Amino acid sequence: MTRKVIVTGGCGYIGSHVARAFKQQGNQVILIDREYRQHAMKGLDGFVANDYASPVALSTIIMHEPDVIVHCAGTSLVGPSIANPADYYDNNVAKTIAMLNVIKDMPKKPVILFSSSASVYGEPETWPVTESSGFNPISPYGRTKFMIEKILQDYFVGYGISSICFRYFNAAGAEPFNHDLGQEPGATHIIARALEASISDSVFTINGGLYPTGDGTCVRDYIHVWDLADAHLQAASFLLDDYPQSGSYAFNLGTETGISNLEIVEYIKRKHGIRYQIGPKRDGDPAELVASAALAKEVLGWQPQYSDIDTIVDSAYKWYTR
Ligand SMILES: NC(=O)c1ccc[n+]([C@@H]2O[C@H](COP(=O)([O-])OP(=O)(O)OC[C@H]3O[C@@H](n4cnc5c(N)ncnc54)[C@H](O)[C@@H]3O)[C@@H](O)[C@H]2O)c1
């Protein structure tokens with residue numbers, strides 16, 4: 001069945017992949033983003049070049065009557081959120097409320113698939129992290145995600161808006177078939193930075209080598225962006241076909257497997273060459289962060305297929321060098 005899908009932040013890294021995946025399924029897809037990236041638009045049905053809480057974006061939502069809104073738009077860097085929390089609470093929380101207040105009055109309410117984050121857990125002390133591990137976001141950024149999750153729960157109870165919050169762990173990789181979507185240059189994630197260092201032949205610095213992990217470097221759970229996109233397709237079917245109007249849910253999206261910073265850099269060294277050093281650790285980086293994804297697998301039938309290190313690094317490398 002063809003569905004109407006709006007993706008806020010659809011020109012961004014994750015939003016562009018989710019939009020592509022919905023389009024490939026035969027749906028009608030419109031993006032809302034305050035930045036325009038032409039490659040994100042391939043084959044899509046429309047673009048609103050504006051803030052997602054602007055009058056033009058909100059009236060597009062009302063007039064288009066989407067079945068699904070994938071809400072990826074947001075600002076998402078931990079450091080800047082500490083330096084400038086006003087911007088984060090405004091762009092992430094206040095504008096989401098403005099959008100939801102329009103949606104709550106629509107006769108046919110779309111379901112919301114919200115880009116939440118593992119940052120809602122803060123620095124968990126045990127792994128893998130389950131959805132009931134307890135919330136302790138340690139930055140304004142993490143707190144904006146936590147707040148929006150709670151708001152979505154309340155808006156289901158009060159107004160019947162169904163939603164799924166996806167707590168992404170570390171999104172990585174690039175569109176694995178044509179390599180024509182990926183992270184923009186200058187991204188802050190380690191795989192992006194290490195590949196850019198490899199390609200430009202500059203020295204890459206690993207942050208910290210004395211963590212209580214197998215090789216002393218931080219361990220993270222990398223989830224391929226195409227697997228994230230697939231989870232959104234499953235979520236739309238779950239909320240629209242299987243259990244309509246059923247609730248507000250939250251799922252971790254990760255692989256249940258940790259990869260260390262050193263393993264990533266050594267992999268890149270073997271495949272493409274890289275010069276690297278181990279520098280001091282960064283404040284606020286937990287030693288290990290690995291998801292339990294059992295709930296998403298059980299409830300949504302989701303299964304990551306592209307999240308091995310070879311596919312993640314190789315797809316990203318092809319995107320950067322395309
Ligand atoms: N990348 C990750 O590993 C990761 C992990 C956890 C959560 N997330 C969340 O997923 C979402 C997408 O992340 P991403 O990595 O694709 O980020 P991104 O920065 O690549 O994309 C975000 C997009 O949103 C747009 N945007 C921001 N504010 C907007 C506004 N007010 N109106 C319209 N457009 C706006 C930006 O222009 C950008 O294109 C974010 O909400 C982020 O917090 C990402």
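Author: Buried means under 20% relative accessible area, exposed over 50%, and partly exposed in between, with a 1.4 Å probe and protein chains only. This is a predicted model, in which local features need pLDDT of at least 70, side-chain atom pairs count only at pLDDT 80 or more, and totals for chains, interfaces and linings use all residues. Residues are numbered from 1 along each chain as its sequence is written, and side-chain values use heavy atoms, with hydrogens and water left out.

Reader: Why does S76 count as partly exposed?

Author: The relative accessibility of S76 is 44%, and partly exposed covers what lies between the limits for buried and exposed; S76 therefore counts as partly exposed. S76 lies in the loop between strand 4 (68-71) and helix 3 (78-83); helices (H or I, at least four residues) and strands (E, at least two) are DSSP runs, numbered from the N terminus.

Reader: Which residues does S76 touch, not counting residues up to four places away in sequence?

Author: S76 touches Y88 and Y141 on that count, where contact means heavy atoms within 4.5 Å. The C-alpha atoms of S76 and V313 are separated by 22 Å, and these residues are 237 residues apart along the chain.

Reader: What makes H71 count as buried?

Author: H71 has 2% relative accessibility, so H71 counts as buried. H71 belongs to strand 4. With neighbours within four places in sequence left aside, H71 is in contact with T8, Y52, T96, M99, I112, L113, F114 and S115.

Reader: Why does H179 count as buried?

Author: The relative accessibility of H179 is 14%, so H179 counts as buried. H179 is in the loop between strand 7 and helix 6. H179 also has a positive phi of about 55° although it is not a glycine. D201 likewise has a positive phi of about 55° and is not a glycine; D201 is placed in the loop between helix 6 and strand 8 (204-207).

Reader: What makes helix 6 roughly parallel to helix 8?

Author: Helix 6 (residues 190-200) and helix 8 (residues 261-272) pack at an angle of about 30°, with their axes 10 Å apart. That angle makes helix 6 roughly parallel to helix 8, as angles under 35 degrees count as roughly parallel, over 145 as roughly antiparallel, 65 to 115 as roughly perpendicular and the rest as oblique. Axes are lines fitted to C-alpha atoms, for helices over the stretch in contact, and angles run from 0 to 180 degrees between N-to-C directions.

Reader: Which residues meet in the contact of helix 6 with helix 8?

Author: I190, I191, A194, L195 and S198 in helix 6 meet N261, I264, I268 and H272 in helix 8. The residues of this contact divide into six nonpolar, three polar and no charged. Ala, Val, Leu, Ile, Met, Phe, Trp, Tyr, Cys and Pro count as nonpolar, Asp, Glu, Lys and Arg as charged, and the others, Gly among them, as polar.

Reader: Why is helix 1 called oblique to helix 7?

Author: The axes of helix 1 (residues 13-24) and helix 7 (residues 225-242) come within 9 Å and cross at roughly 55°. That angle makes helix 1 oblique to helix 7. The residues of the contact of helix 1 with helix 7 divide into 11 nonpolar, three polar and one charged.

Reader: What makes the aromatic pair of Y121 and F169 tilted?

Author: The structure holds 11 aromatic pairs. The rings of Y121 and F169 form one that is tilted, at 6.4 Å centre to centre and 35° between the planes. Rings of Phe, Tyr and Trp (its six-membered ring) pair if their centres lie within 6.5 Å; planes under 30 degrees apart count as stacked, over 60 as edge-to-face and the rest as tilted. Y121 and F169 are both buried.

Reader: How do you know that the pair of F135 and F146 is tilted?

Author: F135 and F146 form a pair at 5.1 Å centre to centre with 50° between the planes, and this pair is tilted. F135 lies in the loop between strand 5 and helix 5 and F146 in helix 5, so the pair ties together parts that are 11 residues apart in sequence. F135 is partly exposed, with a relative accessible area of 33%, and F146 is partly exposed, at 24%.
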